[in-house]
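Please look over the sequence and the structure shown here before reading on. The paragraphs that follow lead from a local strand pairing out to the domains and the ligand.

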Amino acid sequence: MKRRTALKNLGLGISAGMLAPQFFSACKKDDPGPEIPYSGNVIVIGAGAAGLYAADILRSKGISVTVLEAGTQPGGRVRSLRNQTDVQYQTFSSASQADFPVELGAEVIFGSNSSWGKVVSDFSIATVDMSASASPSYILDGQAKSATGWQGDSDFQAVQGFVSGLSNVGSNGSIKDAANVSPRAQALLNSQAGNIFGSSAENISALGVAQMLKAQTHDSKQLTMRNNPWQDVLLSRFVNVLPLIKLNTEVKAIDWSGDVITLTDAKGVQHTCTKLIVAVPLSILKSGAITFSPSLPSPNANALSKFGMDACIRLVLDFKKNFWGLDSSYIWGGTTVPQYFNSGAGRSQFFRTMSLTINGPKAQQLSGLSDDNMVLQVLAEMDSIYNGQGTGFIRRDLTDDRILSLVKDWTKDPFIKGGISYPLVGTTNDDRKALASPANDRLYFAGEATDATGDAGTVSGALNSAIRVTDEIIKSIVNP
Ligand SMILES: Cc1cc2nc3c(=O)[nH]c(=O)nc-3n(C[C@H](O)[C@H](O)[C@H](O)COP(=O)(O)OP(=O)(O)OC[C@H]3O[C@@H](n4cnc5c(N)ncnc54)[C@H](O)[C@@H]3O)c2cc1C
């Protein structure tokens, strides 16, 4: 199937300014190489970044591969507003003034030379370096100020010192205990070293995060894409895999007792393979939504209990005016919203749209409210920080006066059930290796949670896991 046709069939377009994959000059992991003779076949469960890349590598080696995806679209937690057909999204999209691609999931490229950073530069996608075009604000005592504004404040310095030295923290306790900052600075700590890793500071292992950061080999740049929706880029990169995906195919049961593995989907249809890659979110495995027969091997099952994947909400708000600062990037330290992101920074004329990410217990609490009440709680926090300007400048629908907002509650997505994986207190990076360990040369694991190279919780982590898992499979075929 031709690239455009494949994308069109999946209801997705290619955004402007993208070069077709055949124009790439860089040699990549999945460039066609010598075919690997293998009479069996591989099934990948999950068409997120990990599953797509794993399938692409195997396909390029001549191995027969199919991807089973529960949802209606590929991409997983890479999901762009522009590609959604849902009425709620379309209403927001048409009324919003955002003149840049709005993302429901991943939106920041961590590391210009990370796995995802390299895909983006291979495609010659225009990016914006956040640190060069904007800087964060920090909330203490209910006031948001720049780092310069807080200079000399010892609580502010304590949090920044902890965050910048986090990769060297040796404490086996929680981030909260390891940081030991004053009550006044707890929300700031929680934003910068809790929410960003998928939960709150009291739930996350300091050592687990430290080891993760230490293992990273890429630079610390943070980029956004100037014009292109992430889902377009991901699917264009893996265009050759799109015809291999079976959408609306939720795997419910895996029988891996014999040489041939049998999968049963929600419609009762059976699929067979000789090697299986499970690339679903950690939360799906933890919830028992997929049954394994025999049950998961103990190294994987034990490791599974050492990670969390908490509630997660993305909220996008449109304002009539930017009152939080044209050059601000993140606003850290909110108690209702730990991460406000001025997502138009460096790429918008208007700077009037905010993208909020709420993880962990706070997201769990907000998830219990109606969307309207959730937005009102958020505006109440903005009002208290910015003298009523949140409610004052929020844009409303001209016809029915409803507040213009978009809520994506990932917790309620039946095939994602949360945000990103994180290490529970006492967990180390080695536990990710155990989570990823293959069983009997038949059962393999991928996905961001299984990345032990420092990028878990990100798109690069998902891509890294695909490289690892396909190496494992290819080795098992070449040296049975
Ligand atoms: C709100 C939010 C913000 C984020 N921000 C960033 C960011 O700025 N930068 C960044 O790099 N990363 C970010 N991330 C993380 C990033 O999106 C993920 O780490 C990455 O996309 C995960 O890819 P994956 O392939 O491991 O899993 P997923 O993308 O979750 O793919 C798994 C797939 O499995 C499917 N599936 C589930 N159950 C079944 C089943 N039973 N049968 C068949 N299929 C099934 C799902 O539908 C899904 O498509 C963010 C995530 C969220 C939620």
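In this predicted model, S137 stands opposite S146 of strand β6, a pairing that belongs to the antiparallel arrangement in which β5 (residues 135-140) and β6 (residues 143-146) are joined over 4 bridges. The two strands, β5 and β6, form a hairpin with 2 residues between them, and in that turn D141 has a positive phi of about 50°. Strand β5 also pairs with β16 (residues 328-332), this time in the parallel sense and through 3 bridges, with Y138 having W332 as its bridge partner in β16.

Which residues of α6 (residues 154-164) are buried? They are F156, V159 and F162, and, seen down the axis of α6, these buried residues fall within an arc of 135°, so they line one face of the helix. The face of α6 turned away from that buried side carries S154 and S164, which are exposed.

Some details of the backbone deserve a separate look. Most residues other than glycine have a negative phi, and most peptide bonds are trans. Against that background, N180 has a positive phi near 50° although the residue is not a glycine; N180 is found in the loop between α7 (175-179) and α8 (186-193). Is N180 buried or exposed? With 11 other C-beta atoms within 10 Å, N180 counts as exposed, because the cut-off for that class is 12 or fewer. A positive phi, near 55°, is also found at N440, which is placed in the loop between α16 (430-436) and β21 (443-445). N440 has 12 other C-beta atoms within 10 Å and is therefore exposed as well. As for the peptide bonds, a cis bond with an omega of about -5° joins S293 and P294, and P294 has its place in the loop between β13 (291-293) and α12 (298-304).

At the level of the whole chain, the domain assignment gives domain 1 (3-23 + 39-97 + 102-106 + 225-308 + 423-478) and domain 2 (134-215 + 309-412). Taken over C-alpha atoms, the centres of domain 1 and domain 2 are separated by 28 Å, and the contact takes 27 residues from domain 1 and 29 residues from domain 2. On the side of domain 1 that touches domain 2, α3 (87-95), α11 (282-287) and β14 (307-309) each supply at least two residues; by class, this side of domain 1 has 13 nonpolar, 12 polar and 2 charged residues.

The shell is made up of 44 residues, the closest being G46, G48, G76, R77 and T458. The elements that give two or more residues to this shell are α2 (49-60), β15 (312-318) and α17 (459-478), and the largest share, 4 residues, comes from α17. By class, the residues of the shell around the ligand divide into 25 nonpolar, 13 polar and 6 charged.

Notes
Residues are numbered from 1 along each chain as its sequence is written. This is a predicted model: local features need pLDDT of at least 70, side-chain atom pairs count only at pLDDT 80 or more; totals for chains, interfaces and linings use all residues. A residue is near a molecule or strand if its C-beta atom, placed from the backbone, lies within 6 Å of it. Ala, Val, Leu, Ile, Met, Phe, Trp, Tyr, Cys and Pro count as nonpolar, Asp, Glu, Lys and Arg as charged, and the others, Gly among them, as polar. A residue is buried if 20 or more other C-beta atoms lie within 10 Å of its own, exposed if 12 or fewer, and partly exposed in between; C-beta atoms are placed from the backbone. Two strands pair if DSSP finds at least two bridges between them. Domain bounds come from an automatic or database domain assignment. Two residues are in contact if their C-beta atoms, placed from the backbone, lie within 7 Å. The arc is that of the directions from the helix axis to the C-beta atoms.
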